[in-house]
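Let's take a walk through this one, starting at a single residue and then moving on to the strands. Keep the viewer open as you read.

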Amino acid sequence: MKKKVLIYPCGTEIAFEIYNSVKYSTFFEVYGGSSDYDHGHFVYDKLVEKLPFITDNSSREEVSKFNEAVKNYGFDFIYPAMDGVLTVFARYREELDAVLVAPDAFTSEASRRKSKTYELLKGIIPLPRLYNEDEIPEKYPVFTKPDIAQGSKGARRIDTREIYLSLRNSGEISDNLVLEYLPGKEYTVDCFTNLEGRLVYAGGRGRNRIKTGISVNTELVSEAENKIFWELAEKINSVLHQRGGWFFQLREAENGELKLLEVSARIAGTSAITRNIGVNLPLLTLFTFSGQNIEDIIINDYKIELDRAFANSYRISLEYDRVYIDFDDTLIWNGKVNLRLISFMYQCLNESKKLILITRHGGDLTEKLIKYRLTNLFDEIIHLNKTEQKSDFIDKTGAILIDDSYGERKEVHKKLGIPVFDVPMTECLMKSDD
């Protein structure tokens with residue numbers, strides 16, 4: 001029987017990586033948990049809505065209320081997908097009637113507050129210079145960021161003494177850390193620590209392009225380059241009681257030395273790149289919190305680059321049970337099977353919708369269907385001659401048409417009044433991959 005996992009909050013980039021990593025597991029059943037209307041409502045097949053908000057400042061009582069709200073679902077695990085939520089849940093984990101997928105409160109608190117991280121790791125790994133509250137930096141630029149934050153929120157470079165003094169006097173950076181500016185390349189190191197506390201994986205990757213604090217282009221470093229990242233991961237792991245997937249970030253100083261930016265007690269959203277070489281951090285983490293001690297991981301050896309961009313998801317008020325599909329330049333495009341359309345068609349099959357091929361293909365249609373391995377896909381095949389109208393052969397009840405030809409779509413829509421789609425429009429018919 002699958003163990004039930006609640007990802008909360010389910011609308012973060014971290015949550016989506018957890019979901020994508022675990023959704024095909026035969027051991028775990030994944031639910032999204034939401035306190036607000038967000039993108040998670042377009043992603044999760046199983047969703048628990050209107051949960052009490054949990055933030056950095058939530059109390060024991062609020063965590064207890066959250067537990068009561070999800071208690072009847074019988075969750076085996078709660079997997080936090082935001083730093084503040086992870087820290088509060090770890091602080092009050094005894095209020096939860098499920099295993100919390102997070103390290104102990106000491107590690108969670110130390111990772112959440114950068115000043116605490118620096119204090120614990122001082123003299124153990126290289127750190128950027130941290131200026132005292134009453135100290136005015138002499139060398140510029142300097143970098144300032146909130147002690148508690150995620151991504152690049154509240155972080156900025158200060159280029160001159162005058163700007164620094166203005167920001168300081170206005171109180172705008174009164175709660176921020178002021179640090180040595182590190183001008184070089186930035187790296188994330190994705191890590192995995194097993195049940196016994198042993199570091200099993202540490203893999204560095206360059207943060208080649210960053211938007212709103214998220215690495216949207218990344219590449220794994222070479223095995224030779226990774227030695228320094230592994231050494232630093234071992235040192236951090238010896239101080240913080242990490243369990244499962246976690247990460248830290250580094251940046252090169254002016255002299256090329258790597259210095260710590262932050263440590264996190266959770267996985268990074270862009271750790272998807274490690275999943276695609278065999279290091280599925282969320283799944284390994286769930287196995288760890290299930291009591292399994294992971295001793296080694298199979299890692300594929302190839303060069304890989306990850307680039308991320310916004311993706312579209314839709315909710316559409318259209319009911320249909322019969323799909324008519326054109327062949328040339330629709331299902332077959334540029335001499336190949338259209339992958340987007342074939343994926344949609346299998347979605348239809350999973351939902352017991354009828355698939356009907358309707359075409360004026362001028363050659364041997366049977367031969368072409370055999371060539372493209374499409375012979376058993378359709379409930380019906382309508383092969384028209386050049387003079388026959390498609391509208392005369394379509395049963396309009398619960399039907400839609402997908403056709404590349406504007407003229408064909410116009411004729412069918414005008415005569416039958418059914419929804420008609422060009423291939424680029426079918427994006428709105430695709431459900432999120434669940």
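Skip the neighbours within four places in sequence, and Asp 403 is in contact with Asp 326, Thr 330, Lys 390, Glu 408, Arg 409, Phe 421 and Asp 422. Keep in mind that you're looking at a predicted model. Where does Asp 403 sit? You'll find Asp 403 in the loop between β21 (399-402) and α12 (406-416). Its relative accessibility is 1%, and because buried means under 20%, Asp 403 counts as buried. A polar atom of the Asp 403 side chain also lies 2.9 Å from the backbone nitrogen of Ser 405.

Now jump to strand β7 (residues 142-146), which is mostly covered, with four of its five residues buried. On one hand, β7 runs antiparallel to strand β8 (residues 156-158), joined by three bridges; look for Val 142 opposite Ile 158 in β8. On the other, β7 pairs with strand β9 (residues 176-180), again in the antiparallel sense, over five bridges. There, Thr 144 has Val 178 of β9 as its bridge partner.

Next comes an open sheet of six strands, with antiparallel pairing and the order β14-β13-β10-β11-β12-β15. The edges belong to β14 (258-264) and β15 (305-307); each has a single partner strand, so one side of each is left without a neighbour in the sheet. From one strand to the next, the twist averages 30°.

Within this sheet, seven antiparallel bridges link β10 (residues 186-193) with β11 (residues 199-211), and Tyr 187 stands opposite Gly 206 in β11. Helix α9 (residues 281-289) packs on the sheet, where α9 touches β10 and β13 (244-252). The direction of α9 makes about 30° with that of β10.

Conventions:
Residues numbered from 1 in each chain as written. Predicted model: local features only at pLDDT ≥ 70, side-chain atom pairs only at ≥ 80, totals over all residues. Heavy atoms only, no water. Helix = DSSP H or I, 4+ residues; strand = E, 2+ residues; numbered from the N terminus. Buried < 20%, exposed > 50% of the residue type's maximum accessible area, 1.4 Å probe, protein only. Polar contact = N/O pair within 3.5 Å; in protein donor to acceptor, adjacent residues only side chain to side chain. Contact = heavy atoms within 4.5 Å. Pairing = 2+ DSSP bridges. Axes fitted to C-alpha atoms, helices over the stretch in contact; angles between N-to-C directions.
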